[in-house]
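Here is a friendly briefing to read alongside the model. Please keep the sequence and the 3D view open as you go.

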Amino acid sequence: MTSHTEVGSEALDDVTLVTRAREGDVHAYEQLVLRYQGPMYRFAVRMLASRTDAEDVVQEVFLTAWRRLGQLQEDVAFVSWLYRTTTNRCLNVIRGRRPQAEVEPEEHEATDVLPERSVEIGEQMAALAVALQKLTPEQRACWLLREVHCRSYDEIAKSVGANVTAVRGRIARARVQLAEVMAPWR
């Protein structure tokens with residue numbers, strides 16, 4: 001996925017920014033951080049169910065990416081590399097936790113929604129957050145990368161270090177489990 005960001009009056013794609021950042025251009029790397037910190041943070045929050053842990057993970061990911069930018073084989077693979085690094089960091093945090101995890105339902109702004117509907121949406125989001133935490137970390141990573149971050153099966157496989165068949169299986173099992181848990185909300 002390549003997107004453009006305005007730098008001055010010039011729109012730069014990811015490949016150009018990565019090339020410049022690799023050459024030591026801090027402003028180019030700053031543009032990459034600004035472009036992708038939101039998606040990485042949202043992914044990490046859903047993986048970890050903790051904003052504090054997600055902030056730590058994303059900060060570590062971007063610091064590591066800056067330090068290891070020279071090791072990146074293909075400039076076009078930067079986003080996949082970020083997702084892979086974020087996924088691995090999240091999985092490491094989950095493995096390092098005690099058995100119980102704190103669940104923080106994502107805040108939901110509902111300024112134009114009726115109060116009853118707002119409550120219902122909040123309850124659905126809380127139920128989904130709880131259901132996501134019941135998936136295995138690997139299933140959760142695959143499902144979030146596919147359904148929320150719209151990554152291809154190939155990209156997900158690279159991110160989680162599995163083959164495409166395994167990724168498809170994890171996503172299918174996650175969908176079944178989530179559908180069962182969320183059935184009362186249909």
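The points below cover the nonpolar core, one of its residues, a helix pair and two further helices.

This is a predicted model, in which local features need pLDDT of at least 70 and side-chain atom pairs count only at pLDDT 80 or more, while totals for chains, interfaces and linings use all residues. Residues are numbered from 1 along each chain as its sequence is written, and side-chain values use heavy atoms, with hydrogens and water left out.

**The largest nonpolar core**
- The largest nonpolar core has 47 residues (such a core is a set of buried Ala, Val, Leu, Ile, Met, Phe, Trp, Tyr and Cys residues joined through side-chain atoms within 4.5 Å; buried means under 20% relative accessible area, exposed over 50% and partly exposed in between, with a 1.4 Å probe and protein chains only).
- Helices H1 (14-22), H2 (26-48), H3 (51-68), H4 (78-96), H5 (115-134), H6 (137-148), H7 (153-160) and H8 (164-182) each supply at least two residues of this core (helices are DSSP runs of H or I with at least four residues, numbered from the N terminus).
- H2 gives the largest share of this core, 11 residues.
- Tyr-29, Leu-32, Met-47, Phe-62, Phe-78, Leu-82 and Val-167 touch the most other members.

**Leu-32**
- Leu-32 sits in helix H2 and is buried, at a relative accessible area of 0%.
- Not counting residues up to four places away in sequence, Leu-32 touches Asp-14, Leu-17, Val-18, Ala-21, Phe-62 and Phe-78 (contact means heavy atoms within 4.5 Å).
- From Leu-32 to Phe-78 is 46 residues in sequence, and 9.4 Å in space, C-alpha to C-alpha.

**H2 against H6**
- The axes of H2 and H6 come within 10 Å and cross at roughly 145° (axes are lines fitted to C-alpha atoms, for helices over the stretch in contact, and angles run from 0 to 180 degrees between N-to-C directions).
- H2 brings Phe-43, Arg-46 and Met-47 to the contact, and H6 brings Pro-137, Arg-140, Ala-141, Leu-144, Leu-145 and Val-148.

- H5 has 20 residues and reaches 29 Å from its first C-alpha to its last, close to the 28 Å expected at 1.5 Å a residue (the expected span is 1.5 Å times one less than the number of residues).
- Ile-121, Gln-124, Ala-127, Ala-129, Ala-131, Leu-132 and Gln-133 of H5 are buried, and their cover includes H2, H6 and H8.
- Ala-172 lies in helix H8 and is partly exposed, with a relative accessible area of 39%.
- The C-alpha atoms of Ala-172 and Gln-139 are separated by 8.9 Å, and the two residues are 33 residues apart along the chain.
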